[in-house]
Structure formats: C-alpha cells, structure tokens
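Hello,

Here is the structure I promised to pass on. Please open it first, then read my notes below.

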Amino acid sequence: MQRRGGTLALLIALVALVLAGFAVWRAIAIERGEGDAQAALRKELDERTAEIARTGDQRKRDLDTLRARIADTDTVNKGVREELLTLGERSRHLEDAVANLAEQRLTGRDALALNEAEFLLQLAQERLALFQDAQAALAAYRLADSALAAAEDPVFAGVRQTIGAEMQELEAAKPLETNATLTALERVRGTVATLPTKSERSTAAATTPSRFEALLRQFVRVSSDGGVTPGSRDPELTRALVAIDIRAAQAALLARDPTGYTSALARARGALAAGFDTDADTVKNDLAEIDRLAAAPLAPTLPELGSALRELRNLRATRALAQPRPAAPTGDGAGT
C-alpha cells in the first residue's frame, strides 16, 4: 500500500516536472519570438533611419546646389545691373552727343538752302507787290519749299507749313484766269483786222437799190454827218483805235485797275458797234466776248505775303542765338 502510494507520488512529481519543463520551454520560445520580432523591428527602424539620413543628405546637397546657383544668379544679376548702369551712362552720353550734334546741324549745305529759301520768299513778295504777278510768286514759293525740304533740320517744318498755306492763298487768287482773259483780248484784237465795216454793207446795199430809191435819187440826194463817229469814217483808224483800247484793257488788267479795264473795254465796244457791221457774225462774236469780259470781275484780290519769310527769319535768328559761342583765348596762349 505504501509502494503504490509512492509510485503515484512519483508519477505526479514526474508529470509536474514535465509540465514545468514545458512551461519553461514555452516561456523561452515566447521570449525568443519577441526578441526576434524586436530585432526585426529594430532592423527596419534602422533601415528607415538610414534611408531618412540618406534623403536628408541628398536634400542637403540639393540645397547646397541651389544656394550655389542662387549665388551664381546673384553674381550674374549684379554683372547685368552693372552693365545696365554702364549702358545707361553710355546712352546719356550718346543723347548728349546727339543733342550737341542737333544743335550744330546747320552745316554749310543747310545754310545755303536757308539762304536760297529766304531769297526766293523775298523775291516772291516783291514780285507780287510790284507786278501783281501771282504766277511767278507761286513758282518762287514752290522753289523755296523745295529748298527747305533739302535742309536736314526738322525745326523748319513749320515754315514749310506756312509756305503751303500761302501757296494755297496764291492758288485761290486764280492767276491763270488773268492769262485766259489776256488770251481772249488778244484773240479779239486779232480779229479786228478782218471785221466788215458798215460802209461795206452800205456799198453792197447801194449796188442793188429799189426802183423807188433809184427814181428818187434822180431828183433828191440827202446826206448827213449826224451820229457818225470820227472812227467810222476811216475803217483803218477805227481798227487801230479798237486795237489800242484792247491793249489798254490788257495793261489795266495786269495793273489790277478795274476802272481803266472797264473803260477801255467800253471804248473798244463803242468803236466796234459804230464802225463795223453789227449784223455780221464775227462782229457779234467780238461784241459778245467784250461784254462777257467786261461783266466778269477781275481776278480776286491777291493775298498779302510775308508770314513765311518772317517766320523763317525768326527761326534763323533764334537758332543763331542758341549756337554756342566760341571759347575766348586763354591768358597763357596770349602770353606765349
């Protein structure tokens, strides 16, 4: 009974020992698993830390490169800024040089062109004042405008505008109508030599008298000097007087004398009507032409020139005052 009890206790002790060993093994296995997991986790953390360190180093290198580029850019910008400042300084010097050159642009060619323009404007003004020759004045103004166009200084563009305005005033005076009137008068004067006189008509009528007139002439002859002008008695004298009156009308037209012009045309018309056959077509045409010329007014009043000339002289005087004066000789040079 005691042996059976000792065996049972031994078995229980053995089982307890086995269970204790299994518990120890199990605890060791658990601890080892946890250690492996911690080691793997630590390794992963180390790898991530190393990767972060490498990334940080790369970022640092990139930042250093960026800083180097920024420094280079600052250096380039500084150089560009200095070049811009230098370029601005050169531009100012260039502007000063151009300004000085512009102030001294009145070269010999420009001075010659300005002298020519001033002379032509003066000539046009005197020509119009003395001879009322608007056509010649207009031609002189065109030549003056061409002379100013050859000048290089743009300050005289305003003078050219004034010249253009005065040229328009001269063209508005219609100087070509004066020439047309002179031509018409000359044409009438040329036809006077071929006009049939009233005596020729009377002779033609006398060659074929009526029977009553022929019978009456056998007993009565009536003559009278009343109403007969001296010019009508001599056709050649009448032609000469008409030609003289037409010449007088032409001279009055050139002199802008409306009273003398109309008086000369009236005398010429009266002589034509009194001394020539008014039923002839040529006489009718000449009388109608004289009436038309007498009714038409003379050419419009010529403009008063001189604005362009005064403006040109004022500009030249202003430019002359603006020119730098030559430097006076120094005392050292005078002493030597």
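Helix H9 (residues 235-254) packs with helix H10 (residues 258-275) at an angle of about 160°, and their axes are 8 Å apart. H9 and H10 are therefore roughly antiparallel to each other. Their crossing is left-handed. On the H9 side, the contact uses Thr238, Val242, Asp245, Ile246, Ala248, Ala249, Ala252 and Leu253. H10 answers with Gly260, Tyr261, Ala264, Leu265, Arg267, Ala268, Ala271, Leu272 and Gly275. By class, that contact has 12 nonpolar, three polar and two charged residues. Bear in mind that this is a predicted model.

H10 also meets H11. The axes of H10 and H11 come within 10 Å and cross at roughly 165°. An angle over 145 degrees counts as roughly antiparallel, so H10 is roughly antiparallel to H11. This crossing, too, is left-handed. From H10 come Tyr261, Thr262, Leu265, Ala268, Arg269, Leu272 and Ala273. They meet Asp286, Leu287, Ile290, Asp291, Leu293 and Ala294 in H11. The contact of H10 with H11 divides into nine nonpolar, one polar and three charged residues.

Compare the two residue lists for H10. Tyr261, Leu265, Ala268 and Leu272 are in the contact with H9, and Tyr261, Leu265, Ala268 and Leu272 are also in the contact with H11.

Next, another helix pair. Helix H3 (residues 134-150) and helix H4 (residues 157-172) have axes that come within 10 Å and cross at roughly 160°. That makes H3 roughly antiparallel to H4. The crossing of H3 and H4 is left-handed. H3 brings Ala134, Ala137, Leu138, Tyr141, Arg142, Asp145, Leu148 and Ala149 to the contact. H4 brings Val159, Arg160, Ile163, Glu166, Met167, Leu170 and Glu171. Sorted by class, the contact of H3 with H4 has 10 nonpolar, no polar and five charged residues. The charged ones include Arg142 and Asp145 in H3, and Glu166 in H4.

The largest pocket has a volume of about 170 Å³. H5 gives the most, with five residues. By class, the lining has nine nonpolar, two polar and two charged residues.

One residue links two of these topics.

Best wishes

Terms used:
Residues numbered from 1 in each chain as written. Predicted model: local features only at pLDDT ≥ 70, side-chain atom pairs only at ≥ 80, totals over all residues. Heavy atoms only, no water. Axes fitted to C-alpha atoms, helices over the stretch in contact; angles between N-to-C directions. Helix = DSSP H or I, 4+ residues; strand = E, 2+ residues; numbered from the N terminus. Parallel < 35°, antiparallel > 145°, perpendicular 65-115°, else oblique. Left-handed = near helix turned anticlockwise from the far one by under 90°. Contact = heavy atoms within 4.5 Å. 1 Å grid on protein atoms, 1.4 Å probe; cavity = no way out; pocket = protein on both sides within 12 Å on 5 of 7 lines; lining within 4 Å. Points joined across faces, edges and corners; volume = space filled by probe spheres on them.
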